[in-house]
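These are my notebook entries on a two-part look at one model. I set down what I looked up, in the order in which I looked.

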Amino acid sequence: MSKLAGVIPLWRKTNTASKKKVAAKTTEFYQIPRTAFIWLLASVVAVIMPHVTHLPIWLGCVCGLCMAGRVLIWQGRMSLPGNRIKLALVLVMVVLIVVQFGRNVFSTDATVGVLLVGITLKLLEMHRPRDVLTVLYLCYFTLVAEFIYSQAIVVALYSALVAVIITSALISLNQSEDSQRPWRTFRLAGIMLAQSVPLMAAFFLLFPRISPLWSVPLQSKNGVTGLSDSMTPGDISQLARSADLAFRVKFSGEAPAYSELYWRALTLDDFTGRQWRHGLILDLPQSLRANTTDNRPWFQNIEYLGRTVDYNVILEPTYENWIYTLEMPQIHDDRMLMGRDFEVGTIRRITQRYTYDVRSTLDYRADATDDGLSQRRARRVPTETNKRAFAFATELRKTAASDEDYIRSVLDYYRNEKFFYTLSPPKLGDNPVDEFLFDTRSGFCEHFASSFTFLMRAAGIPARVVTGYMGGEFNPYDSTLTVRQYDAHAWSEVWLPGKGWQRVDPTAAVAPQRVSQGSNMTLKQEKEFMDEAGFSLMRFRDSKLLNDLRLQLEMMDYSWNRFVLNYNQDMQLQLFNNLFGTMTRLKMLLSVIAFMLCITLFVVLVIFRKSAKTPLPPATRHYLNFCDYMAGLGFPRHTGEPPLQYLERMSRQHPQWRHELEGITREFIHLAYKSNQPDPLVLKSFQRRIRRARLLS
Amino acid sequence: MNMPMSPVSNLQEKVEQAVAEVGKVVLGKDKQIRLALCCLFSGGHLLMEDKPCMGKTTLSQALARTFGLQYSRIQFTSDLLPADILGVSIYDQNKAAFTFHKGPIFSNLVLADEINRTTPKTQSALLEAMEEGKVSVDGNTRDLPHPFFVIATQNPVSFSGTYPLPESQLDRFLMRLNIGYPDPVAERQLLLNHDQRANLVNIKQTLSAEDVSAVQAAISTVQTTDTLLDYVQRLVAYTRQDDKYSFGLSPRGAQALMRCARTWALMHNRKHVLPEDVQTVLPSVVDHRLRSVADSSGRNAEAYSQRLLTEVDVF
């Protein structure tokens, strides 16, 4: 065997001697230094880890296999794959990715998948240090890609750690072979990155914030709770509840009572018999500008009564236009419009975290007089379906004395008959209102709101469904209210002459705790409620300690959202105003650019100065200042000219200066050449003397 | 501490007298005389290189006289043998034993005239003695007297009949001096006097071997500050980095430069070195230790050091 092993390379050598290029390619083998190899693998693993959840399993397996292959190659048990194998691997990966993602091949997930496959395949093709560098730079890039999915504090902290790991790999690649201690390299990388933190902070605060040129289409609308612009109660038999954050609210004064927290978003006033939809917008929306002059009558006629509540909302991206407010909102913001049904929406879709300030007046009167149009819209009812419910309504209306009376008796009907609040109601057929009211009698807010509104319309009372969120969770640590997707709710509004639109929540009649304590309390018994939350801390809300911990974490998260993620152009401008007084946006931008340019110029000058010198001793510095001054007078000191010789030359030309010049030169010689530690007092007087000499001219 | 320093305190005066005495014979060459004195005070050997008949030998003789040292002169020729310099053992019939007859090298001051006219073998016999201060003949090592100086003269390497000294041996001379043509005033004086060398006997001894020891003891007390050492290091670094030089200054060369600069400062009654001191001694100390790229054989005695003075700044 050993004989054979000895023979083969010999034969190869003689054979390839004529083709020098080939020989060089096959014989040179680049071995990654041990420390660098450890950190390289750690970097790749660390970068892949956070993506494991949203990528197909086979991709993880491919990554694992590639890394195992890399280890075997490093140990010398395997050789680097040839070109054919590499080509085959690439083709297989391309096919797999196309098959996996199909039509979504240009989605973010697919792109991240391609990146990860690229990184791991590159591990099998490392002939030069350059290849290792490629992988490491890709790691940095992919690390940032994680932020597309989540921007939580945990992810940021994890990314910082991974950045240190990748930097360690980068450092160890350039370290000598004898530095065999990975931890030492890690510490060095940590120190280096820690040193760059002030610069990072400065850039974060000062670098001009430009809104992104594009946004990544991420929203994958699955059938989870949350709001859409239509509602079909009969179709849903299993409502998955998601604990995802919808928005956070911070009240500037005292928060209103829990049962008042109706976060209104959309009105659904077009009913097809099965589905409630957002109807046509018949009147132009009212833009919410301060001092606007084109106020429409319906906007003008809103009467604000009683207590106002001021609050700030940070809304998670919804990829929709509408926003959530308590009733009746007053917003002075150029970015928003108010629709005819008093819904507030943004002009652009909310693709990033969005913050706004609102003042709401909980008692109000709007549309008190019939303007005909919106009331007519709110009375329309399809008569070909839900005939039983229609008959029931007409019958009930006849017995009731007034509209208010009728509303009360309908609510009593919900309360007295055996209606049941559940998240897994049976599916409904072609007459969903009929079936719900008289047969199944179990459902959630949508069923109640839908049937109630139908009953109102059937009796000729204008009514509409309103969707939004109800309640939220109050965090005592920073007094913020967290509203999650499972707080989504639907209720009704009825129009009464002279009173305008009034909110009626039929769910409250069936499950009063839903509107007094929130959906969690209502649904505690239903085990499927938290299925989506998995291992999240939300499971442990019954334990006092863990709940406190969770609330603390959420407070941190709120600050993170509020001050880091939400740090935008406006906040930057505000910071500048606080620091430097009032500034226009342009002025701020220009000053920041000027500041950055100055720093860059300074660095460039320092680097490109003829030669880097160690700092000069103070005496020499003063003397050189003096020389510069003399040069300004037309007597530059020549390169290499020692002080006494310089003195001689100048005195010969200007004998009247001799005394002063000689004094300075002698003193300098005394300071610079007699001792290494000159007397500070003498030094000071020398500096003064030079300054005086300069004033003399 | 005070004992060796007392003769140093009036060193400047003594040097002035010596320069005046030597100047009687070597006209208009004060600077060269001072540098030669500096070299001898530093305890180094001196190499004088110039065209024939420029006064090299006269200067060396005058220096010997002003120091009052016992001196011998060896005229180097192509057939000179090491034994002619070091000495030879001769069989004494009376004692029936070999007795060693000391050669001319056993004196305080040796004038090695035209050192490059002899063969390398003989040259190295002298140069070994210069380096070690000892002579080994017939298996016995004999100490040379103290102080021991060699003042060698040589013709420019390009002249015929020369064996150039290799760099390693040139390095053993602390300084190399070029005398140069006399200036017109000195030349006129030279032409007026009918025999300049006759004045040699009139030169009075103004210095002594004790002065030399005193200066050498005082050298270490001369202050050299960081500002100065930075300058010297920049000079040395420049010879090593600049591509005009085929090799840079050796650490021994740098040491020699500092030693001479210190002596120069002492000779001017200063206890600290100034950049002027370094610049004054620099050409004589450095020139024979450097070689320009253009001159690959090293046969030209150009002044390479001038570049150093104008290119390297003092601060």
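Entry 1: a single residue.

Leaving aside its neighbours within four places in sequence, which residues is A:Ile73 in contact with? I found A:Met78, A:Ser79 and A:Leu80, where contact requires that the C-beta atoms of two residues, placed from the backbone, lie within 7 Å. The model is predicted, so I note that local features need pLDDT of at least 70, that side-chain atom pairs count only at pLDDT 80 or more, and that totals for chains, interfaces and linings use all residues. Residues are numbered from 1 along each chain as its sequence is written, while chains are lettered from A and ligands numbered from 1 in the order in which they are written.

I placed A:Ile73 in helix α4 of chain A, residues 57–75; helices are DSSP runs of H or I with at least four residues, strands are runs of E with at least two, and both are numbered from the N terminus. A:Ile73 counts as partly exposed because it has 19 C-beta neighbours inside 10 Å. The scale calls a residue buried if 20 or more other C-beta atoms lie within 10 Å of its own, exposed if 12 or fewer, and partly exposed in between, with C-beta atoms placed from the backbone. I also looked up A:Leu123, which is 50 residues from A:Ile73 in sequence and 9.9 Å from it in space, C-alpha to C-alpha.

For chain A I recorded 26 helices and 18 strands. Of its 697 residues, 29% are buried. Among contacts in chain A between residues at least 6 apart in sequence, 72% join residues at least 24 apart.

For chain B I recorded 13 helices and 11 strands. Buried residues are 41% of the 315 in chain B. Of the contacts in chain B with a separation of 6 or more, 78% come from residues 24 or more positions apart.

Entry 2: two helix pairs.

Axes are lines fitted to C-alpha atoms, for helices over the stretch in contact, and angles run from 0 to 180 degrees between N-to-C directions. On the side of α3(A), the meeting residues include A:Trp39, A:Leu40 and A:Val47, and on the side of α8(A) they include A:Ile165, A:Ile166 and A:Leu173. By class, this contact has 11 nonpolar, four polar and no charged residues. The classes take Ala, Val, Leu, Ile, Met, Phe, Trp, Tyr, Cys and Pro as nonpolar, Asp, Glu, Lys and Arg as charged, and the others, Gly among them, as polar.

In chain B, helix α3 (residues 30–41) and helix α11 (residues 251–267) pack at about 115 degrees, with their axes 9 Å apart. α3(B) and α11(B) are therefore roughly perpendicular to each other. B:Cys38, B:Cys39 and B:Phe41 of α3(B) meet B:Cys260, B:Thr263, B:Trp264 and B:Met267 of α11(B). The residues of this contact divide into six nonpolar, one polar and no charged.

Entry 3: strands of chain A.

I traced an open sheet of four strands in the order β3-β14-β17-β18 of chain A, with antiparallel pairing; two strands pair if DSSP finds at least two bridges between them. Its edge strands are β3 (262–268) and β18 (500–504) of chain A, each pairing on one side only. Neighbouring strands of this sheet are turned by 35 degrees against each other on average, direction ignored. Helix α16 (residues 445–458) of chain A packs on the sheet and touches β14 (463–470), β17 and β18 of chain A; its direction makes about 15 degrees with that of β17(A).

How many bridges join β17(A) to β18(A)? I noted five, with β17 spanning residues 488–496 and the strands running antiparallel. A:Glu493 has A:Arg503 in β18(A) as its bridge partner.

Elsewhere in chain A, 11 bridges join β7 (residues 303–315) to β11 (residues 354–365), again antiparallel. There, A:Thr308 is bridged to A:Thr361 in β11(A).

Entry 4: between the chains.

The contact takes 18 residues from chain B and 16 residues from chain A. On the side of chain B that touches chain A, α10 (226–241), α12 (275–286) and α13 (305–311) of chain B each supply at least two residues. That side has eight nonpolar, six polar and four charged residues.

Key:
Angles under 35 degrees count as roughly parallel, over 145 as roughly antiparallel, 65 to 115 as roughly perpendicular and the rest as oblique.
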